[in-house]
Amino acid sequence: MLADRPYDAVISQPSHPWTSGASHLYTREFFGMVKERLEPGGVFVQWMGLGFVDDNLLRGLVGTLSDVFGHLVVLVPGGHLGSGAMLFLSSDAPIDLLGNAPAGLAAAREGGARVGVHTVDDVAGSIVLDNESARRFAGASPRITDDHNPLAWSAGRIKQGRARPASIAKALGEHDSLIAGAGDQDTDLMVRTLLQKTAVARARALADSLSGAEGASAQGWIAWETTGPQQALPHFRRALALDPEYRPAALGLGMISPAGIELGPLGPGDR
């Protein structure tokens, strides 16, 4: 309020939302003040610890941010639904997070590495709600305002009761943009990226949404991670029976049984 210039970005990481003062930093009125202080196309980043909310409060927060800014992307660092924390990126302009990711990673490679973000796929695996799925997730949930702020009186009780991460994960999973947009990415690589980050439930949900050789190969990587390489063999063989040219399954089979398949030279696409 006292600054005499607008900002390219504003980052908010307030304390527990039920504490005096902090509770007003999650409301429509505060978000409106932030928007007025951003440059056109500027970004507001909001942190929220998931131990402070349940799925209903989360819907209200997502809806409030969407209403005020118009564009919203919700991230779950590490790709785990219902645990840890979330980041909300809001702007008055569309947020091309994946399109800008290569430049961002190049500019902050060391910082990204410290939090396990090395590639665009790491960024993609952290996106749980895009603009459209965020609106569907929020629905008609009550918005958070200075006059009606359920975070101020409900979140404390939720924290004392140790919120239900499974409920949050289920609510988010029903609108997960990673699953809905599976055809837009290398799903085999995305499944392996999620497994590497131990986001097994989300990797399984993505694999279950796939069909044909793509789905069989994804199930192979999950079997490898959860039960062992030998249990992955039938899945990779089934994928190759469906599509003998499906390279990811051939790579998986070759890693388990090198003598059982001729891979030829590895290329830049064999990640």
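First, the ground rules. The model is predicted, so to speak with limits: local features need pLDDT of at least 70, side-chain atom pairs count only at pLDDT 80 or more, and totals for chains, interfaces and linings use all residues. Residues are numbered from 1 along each chain as its sequence is written, and side-chain values use heavy atoms, with hydrogens and water left out.Now the overview. The chain has 14 helices and five strands. Both are DSSP runs numbered from the N terminus: helices are H or I with at least four residues, strands are E with at least two. Of 271 residues, 46% are buried. Buried means under 20% relative accessible area, exposed means over 50%, and partly exposed lies in between, with a 1.4 Å probe and protein chains only. Take contacts between residues at least 6 apart in sequence: 68% of them join residues at least 24 apart. A contact is heavy atoms within 4.5 Å. The chain exposes about 13400 Å², and carbon and sulfur atoms supply 55% of that area. Areas come from the Shrake-Rupley method with a 1.4 Å probe; for residues, only the protein chains shown count as cover.

On to the largest pocket. Its volume is about 870 Å³. A pocket, on a 1 Å grid over the protein atoms alone, is an open set of points where a 1.4 Å probe fits, with protein on both sides within 12 Å along at least five of seven lines; lining residues have an atom within 4 Å of a point. Grid points are joined across faces, edges and corners, and the volume is the space filled by probe spheres set on them.

What lies nearest the centre of this pocket? Leu75, Leu87, Leu89, Leu97 and Val123 do, out of 25 lining residues. Strands S2 (38-49) and S4 (85-91) each give two or more residues to the lining, and so do helices H3 (97-107), H4 (109-114) and H5 (120-126). H3 gives the largest share, five residues. By type, the lining has 15 nonpolar residues, seven polar and three charged. Here Ala, Val, Leu, Ile, Met, Phe, Trp, Tyr, Cys and Pro are nonpolar; Asp, Glu, Lys and Arg are charged; the others, Gly among them, are polar.

Next, the rings. The structure holds eight aromatic pairs. Rings of Phe, Tyr and Trp (its six-membered ring) pair if their centres lie within 6.5 Å; planes under 30 degrees apart are stacked, over 60 edge-to-face, the rest tilted.

Why does Phe44 with Phe69 count as stacked? Because their ring centres are 5.6 Å apart and their planes sit at 15 degrees. Phe44 is in strand S2 and Phe69 in helix H2 (residues 55-69), so this pair ties together parts 25 residues apart in sequence. Phe44 is buried at 0% relative accessible area. Phe69 is buried too, at 3%. Ring pairs also link Phe30, Phe31, Phe44 and Phe69 into a cluster.

A second pair is Trp221 and Phe236, edge-to-face, 4.9 Å centre to centre with 65 degrees between the planes. Trp221 belongs to helix H12 (residues 212-226) and Phe236 to helix H13 (residues 229-242), 15 residues apart. Both are buried.

Now helix H10 (residues 187-196). Eight of its ten residues are buried, among them Asp188, Met190 and Leu194. The buried residues of H10 pack against H5, helix H9 (177-180), helix H11 (200-208), H12 and helix H14 (247-256).

Last, Ala239, in helix H13. Is this residue buried or exposed? Ala239 is buried, at 0% relative accessibility. Beyond neighbours within four places in sequence, Ala239 contacts Ala213, Ala216, Ser217 and Ala249. Its C-alpha is 5.6 Å from that of Ser217, 22 residues away along the chain.
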